[in-house]
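Please look through the sequence and the structure below, and then follow the explanation paragraph by paragraph, finding each residue as it is named.

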Amino acid sequence: MGQVVDLSGSEGGAAEAADGLVRLWESVDRRVAPAVPPAQFRVLRVVGAAGVVTSTKIAEATGAMPSSISRLIGRLQGAGLLVKEENSSNRRETLIRLSADGQELLRQVQEQRVDELRRLLKPLGLRGRQALLQGMTALDQSPLWEGTGGPASGG
């Protein structure tokens, strides 16, 4: 049986768990680099999750400055990954959605990330993967995530 790590203390276990999760994700990220820089890819993920969204909402979701988001949106539009449309109910607002190419890029990267995570987590065995999933699900559903940029706040 594997080693049990005590995460209740302020040192040791929590730091080891955090370091392990960061190393795992960095490993996946290195092997599955999207065709756009990370900041642009975050914008694509926000737009993909929302369907149709304003640049203000993208800035809020990513924590970036609106002027930076405008530049990122322009680059992504130029690359054919985003589409901008005038909001018929509010002419001062522009709506942003993924193009077909943007949708395909997100789908491909997500699929590659899942495949890579499966490969990296296979040595854990079924019980280990189930325990990890149970822990990550509990963390994802925690009210502590709200307002931290975690899943409950959409970030």
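Arg-91 counts as exposed because its relative accessibility is 72%, where exposed means over 50% relative accessible area, buried means under 20%, and partly exposed lies in between, using a 1.4 Å probe and protein chains only. The side chain of Arg-91 meets that of Glu-86 in a salt bridge, with 3.8 Å from N to O; a salt bridge here is a side-chain nitrogen of Lys or Arg within 4 Å of a carboxyl oxygen of Asp or Glu. Glu-86 is likewise exposed, with a relative accessible area of 54%. Side chains of opposite charge can pair when their charged atoms come close.

The model is a predicted one, in which local features need pLDDT of at least 70 and side-chain atom pairs count only at pLDDT 80 or more, while totals for chains, interfaces and linings use all residues. Residues are numbered from 1 along each chain as its sequence is written, and side-chain values use heavy atoms, leaving out hydrogens and water.

How many salt bridges does a search of the whole structure find? The search finds eight, and one of them joins Arg-23 to Asp-19, whose closest N and O atoms are 2.4 Å apart. Both residues lie in helix 1 (residues 13–31), four residues apart, which is about one turn of the helix; helices are DSSP runs of H or I with at least four residues, numbered from the N terminus. Asp-19 is partly exposed, with a relative accessible area of 40%.

In helix 5, Arg-107 and Glu-104 lie three residues apart, again about one turn of the helix, and their side chains meet in a salt bridge of 2.6 Å, N to O. Arg-107 is partly exposed at 41% relative accessibility, and Glu-104 is partly exposed with a relative accessible area of 31%. Glu-104, Arg-107 and Glu-111 are linked in a network of salt bridges.

Helix 5 (residues 100–121) also packs with helix 2 (residues 38–50), at an angle of about 105 degrees and with the axes 10 Å apart. Helix 2 is therefore roughly perpendicular to helix 5, a description that covers angles of 65 to 115 degrees. The contact (heavy atoms within 4.5 Å) is made by Phe-41, Leu-44, Arg-45 and Gly-48 of helix 2 and by Leu-105, Leu-106, Val-109 and Arg-113 of helix 5.

Also in helix 2 is Gln-40, which is buried, with a relative accessible area of 11%. Leaving aside neighbours within four places in sequence, Gln-40 is in contact with Leu-72, Arg-75 and Leu-76.

Definitions and conventions. Axes are lines fitted to C-alpha atoms, for helices over the stretch in contact, and angles run from 0 to 180 degrees between N-to-C directions. Helices (H or I, at least four residues) and strands (E, at least two) are DSSP runs, numbered from the N terminus. Angles under 35 degrees count as roughly parallel, over 145 as roughly antiparallel, 65 to 115 as roughly perpendicular and the rest as oblique.
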